[in-house]
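Here's a structure to get to know through a few plain questions. Have a look first, and then we'll ask what the labels rest on.

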Amino acid sequence: MLLPKASVTVHVRNLVARGFVRRETDEANLRRHRLVLTAEGTRARDRALAAEYDRRLARVIPRTVSSCGAFST
């Protein structure tokens, strides 16, 4: 993603502090960490995806939305 390592570290620390991810140490290589999405992180992700879906759907012509009944909200 071409982000500086320090910026990634700050973002990960913020996600951990908010309870969205949990950091686990890899036993095979103690310098490596695995980030695991928590239940709160899953809920936040789902809310964000739904909001983005609604935002994009609002730009579609209503006639097109009604013809795609499976996509109605």
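Q: What makes glycine 19 count as partly exposed?
A: Glycine 19 has a relative accessibility of 27%. Buried means under 20% relative accessible area, exposed means over 50%, and partly exposed is what lies in between (1.4 Å probe, protein chains only). So 27% puts glycine 19 in the partly exposed class. One thing to keep in mind: this is a predicted model, where local features need pLDDT of at least 70 and side-chain atom pairs count only at pLDDT 80 or more, while totals for chains, interfaces and linings use all residues. Residues are numbered from 1 along each chain as its sequence is written, and side-chain values use heavy atoms, with hydrogens and water left out.

Q: Where does glycine 19 lie, and which residues is it in contact with beyond its neighbours within four places in sequence?
A: Glycine 19 lies in the loop between H1 and strand S1 (21-25). Helices (H or I, at least four residues) and strands (E, at least two) are DSSP runs, numbered from the N terminus. Those neighbours aside, glycine 19 is in contact with Thr38, Glu40 and Gly41, contact meaning heavy atoms within 4.5 Å.

Q: Why is threonine 38 called buried?
A: Its relative accessible area is 17%. Since buried means under 20%, threonine 38 is buried. You'll find threonine 38 in the loop between strand S2 (33-37) and helix H2 (39-57).

Q: How do you know that the side chain of threonine 38 makes a polar contact with glycine 19?
A: The threonine 38 side chain reaches the backbone oxygen of glycine 19 at 2.5 Å. A polar contact is a pair of N or O atoms within 3.5 Å; within protein, one must be able to donate a hydrogen and the other to accept it, and residues adjacent in sequence count only if both atoms are side-chain atoms. So 2.5 Å falls within the 3.5 Å cut-off.

Q: How do you know that the span of H2 is close to what's expected?
A: H2 has 19 residues and reaches 27 Å from its first C-alpha to its last. The buried residues of H2 are Gly41, Ala44 and Leu57.

Q: What makes leucine 3 partly exposed?
A: Leucine 3 has a relative accessible area of 42%, so it sits between the 20% and 50% cut-offs. This leucine 3 lies in the segment before helix H1 (5-17).

Methods. The expected span of a helix is 1.5 Å times one less than its number of residues.
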